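Work through the exercises below with the model open. Each task is followed by a solution in steps.

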Amino acid sequence: MKTEFHSFREFYPYYLKEHRHPVCRRLHFIGSWLVLGILFYSLSSANYWALWFMPIAGYGFAWVGHFFFEHNKPATFKYPLYSLIGDWVMFKDILIGRLKC
């Protein structure tokens with residue numbers, strides 16, 4: 001397994017391999033929707049304290065998927081920036097039908 005990535009393009013196939021289980025992908029997708037919902041709510045209501053719930057919602061759902069369904073460690077622990085980008089690219093890929101969840 002490659003342990004060093006020089007671009008997101010190199011990283012994304014690895015990221016997808018770490019997210020093979022459909023429930024894990026579904027949980028990531030739900031967490032991403034919640035993050036967007038919290039962001040929208042916070043900005044539209046000027047309740048900026050709600051922004052603190054974004055990482056809890058996003059990472060909470062994702063980590064449940066990894067620990068209980070994938071049985072692996074989230075890529076966030078080793079590749080935080082690429083992993084964050086990967087979450088949103090996977091979210092987009094699910095939305096447009098490129099990936100199933």
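**Exercise 1: a serine and its surroundings**

S45 sits in helix 2, which covers residues 22-45. The model is a predicted one.

Task: Classify S45 as buried, partly exposed or exposed.

Solution. Step 1: the relative accessibility of S45 is 35%. Step 2: buried requires under 20% and exposed requires over 50%. Step 3: S45 is therefore partly exposed, because 35% falls in between.

Task: Find which backbone oxygen lies 2.7 Å from a polar atom of the S45 side chain.

Solution. Step 1: take the polar atom of the side chain of S45 and look for the backbone oxygen at 2.7 Å. Step 2: this oxygen belongs to Y41.

Task: State how far S45 is from K17 in sequence and in space.

Solution. Step 1: along the chain, 28 residues separate S45 and K17. Step 2: from C-alpha to C-alpha, the separation is 39 Å.

**Exercise 2: the annotated spans**

Task: Describe the secondary structure of the spans that UniProt annotates as "transmembrane region".

Solution. Step 1: the unreviewed UniProt entry places this feature at residues 27-43 and 49-69. Step 2: residues 27-43 are 100% helix and 0% strand, with 24 Å between the end C-alpha atoms. Step 3: residues 49-69 are 81% helix and 0% strand, and their end C-alpha atoms are 32 Å apart.

**Exercise 3: the largest nonpolar core**

Task: Identify the residues that touch the most other members of this core, and the helices behind it.

Solution. Step 1: the core has 13 residues, and those with the most contacts to other members are F11, Y12, Y14, Y15, L16, M90 and L99. Step 2: helix 1 (8-17) and helix 4 (80-95) are the elements that each supply two or more residues. Step 3: helix 1 gives the largest share, five residues.

How values were computed:
Residues numbered from 1 in each chain as written. Predicted model: local features only at pLDDT ≥ 70, side-chain atom pairs only at ≥ 80, totals over all residues. Heavy atoms only, no water. Core = buried A, V, L, I, M, F, W, Y, C linked by side-chain atoms within 4.5 Å. Buried < 20%, exposed > 50% of the residue type's maximum accessible area, 1.4 Å probe, protein only. Helix = DSSP H or I, 4+ residues; strand = E, 2+ residues; numbered from the N terminus. UniProt positions renumbered as here; feature names shortened; annotations may be inferred. Polar contact = N/O pair within 3.5 Å; in protein donor to acceptor, adjacent residues only side chain to side chain.
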